[in-house]
Amino acid sequence: PRPVATRLQETYVSPRRRLNLPWPLLYLLRFVILGVGVSVLAGTVFSVWNPVTHQLRQPISLVSQNSVPSPSASFGGLPSPFPLDQDLEPLQEEIAALALHQPTLKLGLYLVDLQDHDYLDIRGDQMFPTASLIKLPIAMALFQDLDAGKVQLLQELVMTKDVLVGQSGWMQYQPLNSKFTVLDTVTAMLVDSDNTAANMIIKLLGGIEPLNQRFAAWGLQATAIHNLLPDLQGTNVSTPQDLTNLLIWLSQGDLISLTSRDRFLDILRHTTINTLLPPGLGPGAIIAHKTGDIGTMIGESGIIDMPSGKRYVVTAMVTRPYNSDLARTLIQQASAQIYHYLSSTSPTSPTAPSPRPQT
């Protein structure tokens with residue numbers, strides 16, 4: 001038989017001969033194909049290792065993944081996981097049973113026990129109108145800018161006609177062009193839920209869109225402002241999970257300095273509206289909280305410190321028939337169930353204290 005090399009030479013036909021191309025053109029074609037391949041490969045590598053796009057593509061932790069966002073201290077980074085232990089299934093069944101008795105209401109509730117890392121999730125990732133609960137992320141953004149030196153607590157703001165609104169708060173009754181310090185304004189926004197104060201802070205921070213961009217950068221992907229306060233149509237939105245996560249970050253001193261954290265919490269502990277979560281708490285409990293209330297929705301977010309030392313964070317949001325007081329009662333009952341359950345499971349508090357009378 002003929003040598004193998006001879007047989008191969010007889011059966012092999014070069015690409016240039018098959019294509020019937022002159023060799024300079026063939027080599028040019030090879031060069032173009034090689035260049036395209038290298039460009040695609042380089043683009044893929046840079047896309048994967050670019051830290052900005054890599055951050056933006058990271059998924060937000062969800063309850064189903066047994067984690068909840070907890071942000072880095074620096075602005076602009078996506079949250080890192082906050083590991084959770086187990087869902088509070090018996091408590092969830094109790095609260096779900098309460099809600100079943102009110103078919104005209106839609107309850108969203110998200111709870112995290114910061115001591116034991118247990119959680120409760122009832123429609124926690126579903127979007128609800130926020131009403132005045134949107135003032136919580138607005139305040140967080142303000143304290144960030146205070147830490148950065150962009151604004152000062154004693155800096156004066158002017159109450160101009162474009163921010164003056166009614167429905168809630170005392171600033172609306174002051175003369176046009178009155179001046180208030182940043183501290184007075186953010187305090188009125190949180191303690192008295194003053195809508196004019198909220199609009200003044202939004203204006204100070206650059207307007208709606210820069211704030212929405214900042215919320216998204218924190219990881220609050222479902223939280224957005226679409227209209228200035230009072231937003232009676234309920235266009236400003238968030239989820240129970242987003243708002244609970246925001247208060248977890250506040251409790252841990254993330255996003256803002258510890259000094260700003262302490263000031264923020266102190267303001268929230270002086271909230272004047274105490275008709276939702278507080279009636280369900282036992283004696284000695286301390287709550288830092290914010291409410292939201294429009295005709296079609298009512299809700300509250302709060303950080304609760306129990307006498308046992310346990311701290312938990314909860315957000316309850318309820319959509320309702322216009323001004324139905326059943327929603328208020330449902331949140332009060334859910335708050336009492338939560339407090340009783342966590343008291344009875346606390347090793348330092350074997351007997352749960354009696355809830356406060358409902359008001």
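Helices (H or I, at least four residues) and strands (E, at least two) are DSSP runs, numbered here from the N terminus. The model is predicted, so local features are given only where pLDDT is at least 70 and side-chain atom pairs only at pLDDT 80 or more, while totals for chains, interfaces and linings use all residues. Residues are numbered from 1 along each chain as its sequence is written, and side-chain values use heavy atoms, with hydrogens and water left out.

Helix H9 (residues 208-218) contains both Phe215 and Trp218, which are three residues apart, about one turn of the helix. The structure holds three aromatic pairs, where rings of Phe, Tyr and Trp (its six-membered ring) pair if their centres lie within 6.5 Å, and planes under 30 degrees apart count as stacked, over 60 as edge-to-face and the rest as tilted. In one of them, the rings of Trp170 and Phe180 are edge-to-face, because their planes stand at 80° with the centres 5.7 Å apart. Trp170 is partly exposed at a relative accessible area of 35%, whereas Phe180 counts as buried at 10%; buried means under 20% relative accessible area, exposed over 50%, and partly exposed in between (1.4 Å probe, protein chains only). The pair of Phe215 and Trp218 is tilted, with 5.6 Å from centre to centre and 45° between the planes. Phe215 is buried, with a relative accessible area of 0%, and Trp218 is also buried, at 0%.

Turning to the sheet, five strands form an open arrangement in the order E4-E3-E11-E10-E9, with antiparallel pairing; two strands pair if DSSP finds at least two bridges between them. Strand E4 (119-122) and strand E9 (286-294) stand at the edges and have a single partner strand each, so one side of each is left without a neighbour in the sheet. Within the sheet, strand E3 (residues 106-113) and strand E11 (residues 311-319) run antiparallel and are joined by eight bridges, and Leu107 has Val318 as its bridge partner in E11.

Helix H5 (residues 89-100) packs on this sheet, touching E3 and E4, and its direction makes about 30° with that of E4. Contact here means heavy atoms within 4.5 Å, and axes are lines fitted to C-alpha atoms, for helices over the stretch in contact, with angles running from 0 to 180 degrees between N-to-C directions. Helix H11 (residues 258-268) lies across E9 and strand E10 (297-305), running at about 65° to E9.
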